[in-house]
Amino acid sequence: MNELSEQEMAGLLRPLCPFYYWPNYGNLGDLLIAEGTRQFFDRYGLQYREFESLGTAAPLEGRVSLVVAGGARFTANWCSAEAEEVMLSPIVETAVVLPHSINGVDGLMAGLGPDRHLICREQPSYDYCTSVNSGARCYIANDMAIALDLEVLDSHPLDVPLEQLNEEETSTLCLLKGGLPERMKASVRSASVRSSVHGEEKRVAFLLRNDSEKGVSYCSPFTYDISVAWNTSGRKMRYNANMLLAFADAVRQADVVVTDRLHVAIMCWKTGVEVYMLDNSYRKLSGVYRKSLGNEPSVHLLADGRFTPELERAWKRLNSPVRLLRWLVGKARRKVAGKLKNLANRLFRR
């Protein structure tokens with residue numbers, strides 16, 4: 001197995017400098033990957049510029065070297081026609097896919113040759129790549145979010161003239177000024193209950209996903225998918241550090257987090273919050289746990305997709321009949337209020 005250390009991964013990229021870096025559009029987890037990657041580039045003096053499209057990169061320079069951000073871009077859940085086009089394009093002379101989950105893309109894999117380097121972040125992806133493709137070169141390494149050092153992140157001041165900002169920075173500034181960090185913290189607290197863990201009363205938060213990658217049956221209106229609190233292009237922006245520090249502050253509202261979001265788990269580990277990992281639909285979390293986090297005392301894998309007895313008690317407390325009844329009553333009231341407001345608006349317009 002071609003396992004790469006951080007230094008060896010830098011050595012793979014150095015001959016390509018200056019290369020194009022293609023970040024992921026996504027959520028807070030993708031931002032964690034993007035900023036960890038930029039710190040990695042800076043740490044090893046790797047020169048890069050950001051990739052937008054084949055149309056903007058190729059006319060100026062002919063064939064290009066491309067480094068694709070880590071993540072899950074090449075899975076059956078998320079692989080786009082654009083991603084396939086870029087990876088198969090003759091304009092891209094060499095492509096390196098940073099630590100990724102890869103599965104269910106047999107057609108793409110069949111078209112890749114030895115100038116495509118696929119770095120997987122867990123064993124199931126590595127096994128898939130080596131079994132369906134004989135052309136691309138395959139490796140395994142730690143998820144790029146693990147390269148992030150929270151201590152070197154610096155928040156940017158919020159009193160910046162809007163004319164100095166691009167559209168995404170302006171949108172993020174409005175969210176930061178509008179109280180998004182406080183809402184994130186409040187939502188983590190709302191998804192938490194006091195319960196006994198390891199014989200001590202702790203605040204246990206259930207931060208679970210609700211998309212197509214969900215692999216467990218635990219569902220509740222009281223959980224919180226913090227990863228989707230904000231969306232990002234993944235590009236280098238003024239307020240990226242602010243958002244990651246807000247993410248870190250939010251998970252610190254709990255003593256223990258239960259999650260099936262990989263990068264929520266990684267952020268918890270980086271902030272010293274104990275975390276229990278549930279697997280997703282294609283074994284991403286269990287794979288990264290075994291590759292990178294299995295020796296960390298604050299990180300645990302719920303390998304069978306079931307809560308421990310202590311977590312089961314906390315889950316039942318989160319979803320107590322009284323709490324569910326209050327939620328249903330509140331939902332009904334909001335629905336009635338919405339209908340009355342719409343009726344009043346129609347009458348007023350007449």
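How many bridges pair strand 3 with strand 5, and in what sense? You'll find out in the first view.

This is a predicted model, where local features need pLDDT of at least 70, side-chain atom pairs count only at pLDDT 80 or more, and totals for chains, interfaces and linings use all residues. Residues are numbered from 1 along each chain as its sequence is written, and side-chain values use heavy atoms, with hydrogens and water left out.

**View 1. Strand 3 and its partners.** Strand 3 (residues 64-68) and strand 5 (residues 92-103) pair in the parallel sense over 5 bridges; strands are DSSP runs of E with at least two residues, helices runs of H or I with at least four, numbered from the N terminus, and pairing takes at least two DSSP bridges. Val68 has Val97 of strand 5 as its bridge partner. On strand 1 (residues 19-22), also parallel to strand 3, Tyr21 stands opposite Val67. Val64, Leu66 and Val68 point one way, Ser65 and Val67 the other. In a regular strand, side chains alternate between the two faces of the sheet. Because 5 of the 5 residues of strand 3 are buried, it is largely enclosed by the rest of the structure (buried: under 20% relative accessible area, 1.4 Å probe, protein chains only).

**View 2. Val257 in strand 10.** Val257 sits in strand 10 (residues 256-259) and is buried, with a relative accessible area of 0%. Leaving aside residues up to four places away in sequence, Val257 touches several residues, including Ala205, Leu207 and Tyr276 (contact: heavy atoms within 4.5 Å). The C-alpha atoms of Val257 and Met277 are 8.5 Å apart, though 20 residues separate them along the chain.

Methods: Buried means under 20% relative accessible area, exposed over 50%, partly exposed in between (1.4 Å probe, protein chains only).
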